[in-house]
Amino acid sequence: MLTNEENDLLCRVEGDAPMGQLMRRHWTPVCLIEEVSEPDGAPVKARLFGEDLVVFRDTNGRVGVMDEYCPHRRASLVLGRNEDCGLRCLYHGWKMDVEGNVIEMVSEPQSSCMTDKVKHKAYPVKEWGGFVWAYMGPAETMPEFRPPAWAPTADVRVTIAKALIPCNWAQVLEGAIDSAHSSSLHSSDMVPARVGGAEATDTAWLRPSTDKAPRMQIQRAPYGFRYAALRRPITNAAANDYVRSTVFVAPATALIPPNNLYNVANINVPMDDTNTAFYFIAWGHPSQTPETETWRKFLGQRVGVDLDKNYRPLRNRENSFWQDRQAMKAGNFTGISGFPNQDIAMWVTMGPIADRSRDRLGASDLAVVEFRRQMLEAVQAFQNGEQAIGTGDAYITPDVCAFQAIVPKTTDWRSFQAHYVWDKSELALEPSYNVNS
């Protein structure tokens, strides 16, 4: 358990909160590229670390990420006109380019030199892996943009489901790195089967174990940590372990053990203290990784079906997350369809910020304990003038990846030669997903 003071230090990200300032030293996803794909299209509202932003693509295809509110009288630029390489406020016609330069003030006299004196807040931007990224920290500490571990090269297919969750980022992240819960919460979707490793079908993820109480082991690293959940496999349990190794990449990314077709990751971006942009990612070879609509349908994360137009889940506490008690009587464990929706139900019902002073943790919570310990140590070191965790030379190297495998008990998972699911030398497998199924 944590004290209330420690919990606040871990969770709060707004304003001068140390954790938010640490996170601002990283390039951060702001929105999906698909949300601003059209030059001169409608601007998009975003919110990060308690700061309201507007995102737009200008006439020449450049993307801007700026303070949402016009520097003149603070009207919202989300309603503005996106035209002729700038975003124009509706109130008095002030116009800003993607770098925050005020290029027109139609309400001011032509002789005015005011445009030279006003600069709107805008952030450096990078497009990569399906996201618009921004660097929101001090300019003098801006690191080089590095492709994330889940989008190492431009030829990787990255497929993303997005949902805005009304709770704190840390409880979402703790769910992503908690391997033990999958054997209960997701037991109707991650189904035990006599297979050689995790496999994906169009309705479920199969796994070769019925063991609900994994043994957990941790390996710390400068970028975060790796851990392994060791389970008894269905076949030859006396000689082998079924290993699922997850990677926590500070401050808020999890590389999740893959299946036989593609890799999996998630990013949890703090919108503010009590809201999180949750991104669930499939990535890998284009012939094996599901396309966007297929992925979102499988997860139960489709806009207009499961989410409103602003990516907020239609399943919520008031409607019991569309839980089907008849399905539960028929054998479904949760009665909630789509395993991210099962997670979301747990995260949201913990409250806007979970009270970790009341936790009663066990052996299966080893990764959660390590996350809390490591991030509290990291934010305290940051307060003392050290660089933010995962920056500088502490970035994750390309040889680190999540994996799952049945291995002999004599094999140490820490030295297991894992690689992400992609092999150009082999004939690509046909995906078992079908949009129309």
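Mentor: Buried means under 20% relative accessible area, exposed over 50%, and partly exposed in between, with a 1.4 Å probe and protein chains only. Helices (H or I, at least four residues) and strands (E, at least two) are DSSP runs numbered from the N terminus. This is a predicted model, in which local features need pLDDT of at least 70, side-chain atom pairs count only at pLDDT 80 or more, and totals for chains, interfaces and linings use all residues. Residues are numbered from 1 along each chain as its sequence is written, and side-chain values use heavy atoms, leaving out hydrogens and water.

Trainee: How many residues of helix H6 are buried?

Mentor: In H6 (residues 339–349), 9 of the 11 residues are buried; Phe-339, Ile-344 and Trp-347 are among them.

Trainee: What covers the buried residues of H6?

Mentor: Contact means heavy atoms within 4.5 Å. The cover includes helix H3 (169–176), helix H4 (292–299) and strand S21 (275–284). In H3 itself, 8 of 8 residues are buried, including Trp-169 and Leu-173.

Trainee: Which residue caps the N-terminal end of H3?

Mentor: That residue is Asn-168, with a side-chain oxygen 2.9 Å from the backbone nitrogen of Ala-170.

Trainee: How do the strands of a sheet pair?

Mentor: They pair through backbone hydrogen bonds, either parallel or antiparallel. Two strands count as paired if DSSP finds at least two bridges between them. Here an open sheet of 4 strands has the order S2-S3-S4-S9, with antiparallel pairing. Its edge strands, S2 (44–48) and S9 (122–123), each pair on one side only. Between S4 (residues 63–67) and S9 there are 2 bridges, and Val-65 has Tyr-123 in S9 as its bridge partner.

Methods
A polar contact is a pair of N or O atoms within 3.5 Å; within protein, one must be able to donate a hydrogen and the other to accept it, and residues adjacent in sequence count only if both atoms are side-chain atoms.
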